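User: Hey, I've just opened this one and could use a quick tour. Can you walk me through it?
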Amino acid sequence: MRRLIRSLGLTLVLLVVVASPVFACAGLIGPNGAVNLVRTTTLAAYHNGVEHYITAFSFQGGGGQFGSIVPLPGIPTRVERGGDWTLQRLVRETQPLRAAVLSPEAAAKDGVRVILETKIDALEITILDGGGTAVGRWAREHGFILPPDAPEVLDFYAARSPIFMAARFDADAARQRGQQIGDGTPIHLTIPVANPWVPLRILALGKNAGDVVRADVYLLTDVTPALWPRVRRGLSVQYSAAASAELLRDLRSDKGMGWMPARGMWLTHLAINSAAKDLTYDLAVDVSGRATRVAAGFSVALPFLALLLVGASTGTTRRRSAR
Amino acid sequence: MKTFASMAVAMRMAPIAVTMLLIWTLLPAAGHERGTQTIQITIRHSRFIPARFTVRRGATVRFVITNTDPIDHEFILGDEAVQRRHETGTEPEHGSVPGEVSVPPGMTAETTYVFSRAGLLLIGCHAPGHYAYGMRGEVWVAQR
């Protein structure tokens with residue numbers, strides 16, 4: 001039965017990225033020159049062939065507009081306001097001492113197609129379909145100031161998936177709405193996709209080569225997932241255990257999170273602490289054991305390594321014990 | 001009658017003569033143009049391609065720079081002092097100074113420069129963060 005369930009793809013991958021302050025800030029614009037979009041937190045979930053991607057933008061005061069570009073693995077069918085505590089609850093589950101660190105201290109198409117436009121609180125969301133150059137041109141024409149590494153990074157992601165989310169955060173509108181400093185606006189995207197991956201390279205966008213990128217990636221699956229890269233310089237597994245019933249109950253009770261199974265998941269936490277120049281890859285996640293170098297954004301496939309990975313994954317796949 | 005015929009011929013030939021005179025007048029400039037070397041540079045992913053080349057002292061080089069990126073770039077040719085000045089400068093546009101030109105996204109721009117002294121010169125883009133990112137190159141000016 002378990003094999004049947006697995007073969008049917010009844011699998012859930014819950015990915016949370018609690019990023020460093022500049023996460024996903026492909027283009028920051030502000031008439032006063034200040035960068036007020038201090039933290040962006042992202043969650044991506046995969047269940048029954050559908051990825052649930054939640055990212056939160058935290059208002060840090062100031063004025064003007066600030067933008068962010070996030071590569072997506074597919075075209076979203078729905079963009080809506082996300083639940084209020086899902087991200088924080090997951091962080092607390094694995095990093096109870098770091099919960100407080102959530103504070104601020106802590107190929108190419110010629111054209112671009114606008115798939116969806118919506119506004120959520122003070123955020124203007126645009127889903128784009130296009131090549132790296134076209135998306136970059138669109139971003140520039142819409143007021144985004146792209147850093148020098150943006151052309152290469154956008155091309156990198158466009159070769160994987162031509163879908164991007166551009167988010168413009170209007171700090172003035174946030175203030176008028178009464179948003180306080182530190183208030184986040186979670187965005188929930190529902191994305192049907194065959195194979196999920198977590199964008200990591202985007203974390204280094206706009207950073208100097210020696211800058212350190214710190215992020216936390218959470219995965220919640222009903223089997224131990226196959227990952228690529230599993231362990232790499234600057235990337236390490238910090239936590240791997242059965243998800244508690246309390247965690248799942250809390251997550252299910254948040255807005256828009258009813259799709260999550262009530263039990264049967266395995267929680268993994270990976271920490272990224274990497275120099276920006278070394279963060280040239282993404283995290284491939286596949287519960288069937290097919291996570292590969294290519295799926296992780298590496299340009300050259302090494303079949304023998306993929307075979308090793310599949311073999312290792314098959315041998316080590318575990319069911320969670322707390323069913 | 002013969003004189004009249006000669007005048008008619010002369011009048012018919014006048015436009016041709018004027019054209020020939022104009023061509024003769026412009027010949028020196030055209031010759032100078034033939035002595036100009038053209039170097040094509042492509043900007044992709046915030047890099048100059050090629051980023052290193054050699055010219056001879058005294059050469060007049062026409063740089064034709066194509067920006068394939070979706071962001072603004074510039075081409076600044078000069079020694080280290082020139083690069084430093086531009087790195088801290090605030091000029092939004094370039095184009096009037098030989099060897100300095102702005103290249104908008106998807107556009108091609110050109111600038112002509114006379115290499116009067118031998119030695120090493122640099123090329124760079126000084127849009128915010130671009131030079132530090134590595135958007136630079138070298139021009140070796142060789143003796144004749």
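Predicted model: local features only at pLDDT ≥ 70, side-chain atom pairs only at ≥ 80, totals over all residues.

User: How much of chain A counts as buried?

Analyst: Chain A has 323 residues, and 51% of them are buried. Helix 4 of chain A, residues 150-160, is a mostly covered element, with eight of its 11 residues buried. Among those buried ones are A:Val153, A:Leu154, A:Phe156 and A:Tyr157, and A:Asp155 is on the list as well.

User: Which residues have the most contacts inside the largest nonpolar core?

Analyst: Those are A:Val135, A:Phe164, A:Met165, A:Val217 and A:Leu283, in a core of 72 residues. There's also a second, separate core, with 19 residues, including B:Ile41, B:Val101, B:Val103 and B:Tyr133. As background, nonpolar side chains tend to be buried together in soluble globular proteins.

User: What's the pLDDT like in chain A?

Analyst: The average for chain A is 68, and 61% of the residues reach at least 70. Residues 96-108 of chain A fall below 50, and that stretch has 17 contacts in the model beyond near neighbours in sequence. Residues 300-323 of chain A also stay under 50, with 31 contacts beyond four places in sequence.

User: OK, switching to chain B. What's the strand order in its open sheet of five strands?

Analyst: The order is 3-9-8-5-6, and the pairing is mixed. Strand 3 (52-56) and strand 6 (100-103) of chain B are the edges, each pairing on one side only. From one strand to the next, the twist averages 20 degrees.

User: How many bridges join strand 8 to strand 9 in chain B?

Analyst: Six, and those two strands run antiparallel, with strand 9 covering residues 136-142. One pair to look for is B:Leu121 with its bridge partner B:Val139 in strand 9 of chain B.

User: And how do strand 5 and strand 8 of chain B pair?

Analyst: Antiparallel again, over three bridges, between residues 73-78 of strand 5 and residues 119-124 of strand 8 in chain B. You can find B:Leu77 opposite B:Ile123 in strand 8 of chain B, while B:Gly78 has B:Leu122 as its bridge partner in strand 8 of chain B.

User: B:Thr90, buried or exposed?

Analyst: Exposed, because B:Thr90 has 5 C-beta neighbours inside 10 Å, and the cut-off for exposed is 12 or fewer.

User: How far is B:Thr90 from B:His126?

Analyst: Their C-alpha atoms are separated by 9.7 Å, though the two residues are 36 apart along the chain.

Terms used:
Residues numbered from 1 in each chain as written. Chains lettered and ligands numbered in written order. Core = buried A, V, L, I, M, F, W, Y, C linked by C-beta atoms within 7 Å. Buried ≥ 20, exposed ≤ 12 C-beta atoms within 10 Å, placed from the backbone. Pairing = 2+ DSSP bridges. Helix = DSSP H or I, 4+ residues; strand = E, 2+ residues; numbered from the N terminus. Axes fitted to C-alpha atoms, helices over the stretch in contact; angles between N-to-C directions. pLDDT = per-residue confidence, 0-100. Contact = placed C-beta atoms within 7 Å.
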